[in-house]
Amino acid sequence: MRICELLHIDSVIIWIFGANSLNWLGEPSLIIPSIVMMSLWGVGAGMIIYLAGLQSIPTTLYEAADIDGAGFWSRLVHITIPMVSPVIFFNFVMGVIGSLQVFMQAYLLVGPSGGVGRAANFYMLYLWSKAFVQQRFGMACAMAWILFILIIGLTMLVFKSSPLWVYYEGEKRGGAR
Amino acid sequence: MRLTKWQKIGLYFIMTAGAVPMLIPLFWMIGTSLKPSLGIDEPPLTLLPRSKFHTLKIDGRTFPVRTIEKLGDEKPPEGKAWIKPVFEENRNTITIPERWVSRETLKNNNVVFRLFRGGEHETDDIEVLVVARDKGTATLDVLVKKKIEIPRSVLGPKDMLDPRPGNYPEAISKMDLLPQLVNTLVIVCWSILGTTLSCAIVGYTFARGRFVGRKKLFLVCIATMMLPAQVTMIPRFILFKSLGWIDTYYPFIVPTFFGNAFFIFLFRQYFLTIPSDLEEAARIDGCGHFGTFWHIMLPMAKPIVLTCMVFTFMGVWNSFMGPLIYLNSEYNYTLAICLAMFRGQYESMQPNLVMAASAMMMLPVLIIFFLAQKAFMKGVVVSGVKG
């Protein structure tokens, strides 16, 4: 394709997905992948948090690893990942909490009905339409509490698993003192 | 990290391949903000501001001629004047009478001619607007005295770049920005101060404090994020209404001084990675709890403090729902509300102006982000404690 054609969004989309471009929001099986792809534009926040976490790794550890002749992979597995595991844990918990509450993307893309075949009828979307479309506020509140209990249960599970895979430099001497 | 040349090339290739699709919406926004208001949503959708032009050869140089459907009594653009040229008998050449060219027009780089061309289409005259760009005064004088030739064959349509930077001043002039900017900045400053201070203190306490029920309290703190904002919206409104805070900035500022579970959790995670030997050293040197926090731990947490500040800035700068709910009077509105109203007013007719306004709205966020990134990258490299 020619360079000037590259500047036409239509032709880029056709070039990537073929002439019979998919109907992303009209096909029930494609709505959720579309929303997932759209959420990719939100990864920046997680990246900044990882960057901050990476700043806290003492350079002495890498120097020591260099002296011991560690390669890229062993440094990644034995230093970087354990040292940023608190940040991974943070992003993981936030991911659990955030994704169970997914609402805005679906609301913007397909509206409160949940799209074709109600394929994107997320919990929060359903709750919203119960409350503000059908005016059943009591039921919506009950649903919110069920969601709350669900999320808190999952979060506690993740917290319980944390001693297995999260390494806290600040607690290395005998844990809770 | 030492990489070979090919590894570096591969790294840049992968990162560029990831960055370009991510940046397409941004390019689209800036491109749209530079387009003329007509035909933005007509296929083919383009990233760059392009228009179909008929071209015109003047003195051997090609100039775009844009056909305008409805000229009517349209006033000429700022600093430009309409010039009415006369066609000669053969209808292929025109001469522009010098008396129709004003001095101001000559000083301007953009000279607008309005040509009326009869001929084949006797019933409806083709009105064309000739925009001659990049012509200095000297060249123009020559140009005006000469005959301008319009060979019929050249008048076929051609796709050319047509950026309109004038959309930006136009968008500014249509919004009353200054009071809203001041309002937004007031909320932003207080929120950054409140969020950073309170969350750092609470996060430090959850990371290092030893007290009964610490884990349970922390879970309660995290649990405040688990009720969706859509659910807590109405109770919050009732609360702030009973406090008499409607149409003030207190609903945005005061809660920030009471922490935010997201940043508390973030600070806690970060403080937990800092070796406790440093604190012990401070303790031995006679620092109290607060002294240790303020002089040792907070400087160590500079990357997270910066992250917290940038996130708070972005959140408050863009926040729409809160100001929409709590603010009633127009003089209290924030920029986000202002932009939304502007959008409502102009979206259907002049989406290019809406995009220009949005792009300007985004600029401070970008500046803050890049400043923070600079500080971030050269920030503290925690040297750690040997032993």
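User: How many helices and strands does chain A have?
Analyst: Chain A has 9 helices and 0 strands, where helices (H or I, at least four residues) and strands (E, at least two) are DSSP runs numbered from the N terminus. This is a predicted model, in which local features need pLDDT of at least 70 and side-chain atom pairs count only at pLDDT 80 or more, while totals for chains, interfaces and linings use all residues. Residues are numbered from 1 along each chain as its sequence is written, chains are lettered from A and ligands numbered from 1 in the order in which they are written, and side-chain values use heavy atoms, with hydrogens and water left out.

User: And chain B, what is its secondary structure?
Analyst: Chain B comes to 15 helices and 8 strands.

User: What about contacts between the chains, how many residues take part?
Analyst: 53 residues of chain B are in contact with 50 residues of chain A, contact meaning heavy atoms within 4.5 Å.

User: What area is buried there?
Analyst: About 4800 Å² is buried between chain B and chain A, and carbon and sulfur atoms give 70% of that. Buried area is the accessible area (1.4 Å probe) that two parts lose on being put together, summed over both. On the chain B side, Met226(B), Gln230(B) and Thr273(B) lose the most area to chain A, together 13% of what that side buries.

User: How many salt bridges cross that interface?
Analyst: The rule finds 0 salt bridges between chain B and chain A. A salt bridge is a side-chain nitrogen of Lys or Arg within 4 Å of a carboxyl oxygen of Asp or Glu.

User: Which helix of chain B gives the most to that side?
Analyst: That is α9(B), with 8 residues on the side of chain B that touches chain A.

User: Where is Ile274(B), then?
Analyst: Ile274(B) lies in the loop between α9 (261-273) and α10 (277-284) of chain B.

User: Buried or exposed?
Analyst: Ile274(B) is buried, with a relative accessible area of 4%.

User: What does Ile274(B) touch?
Analyst: Not counting residues up to four places away in sequence, Ile274(B) touches Glu169(A) and Gly170(A) in chain A, and Arg208(B), Met297(B) and Met300(B) in chain B.

User: Arg208(B) again: which side chain does it meet in a salt bridge?
Analyst: Arg208(B) meets Glu279(B), at 2.2 Å from N to O. The pair links distant parts of the chain, with Glu279(B) in helix α10 and Arg208(B) in helix α5 (residues 177-208), 71 residues apart. Both residues are buried.

User: How many salt bridges over all chains?
Analyst: The count comes to 4. One of them joins Arg75(A) and Asp66(A), with the closest N and O atoms 3.2 Å apart. Arg75(A) is buried at 13% relative accessible area, whereas Asp66(A) is partly exposed at 34%.

User: And what about Arg343(B) and Glu347(B)?
Analyst: Their side chains meet in a salt bridge too, at 3.5 Å from N to O. Arg343(B) is partly exposed, with a relative accessible area of 44%, and Glu347(B) is partly exposed at 41%.

Technical notes:
Buried < 20%, exposed > 50% of the residue type's maximum accessible area, 1.4 Å probe, protein only.
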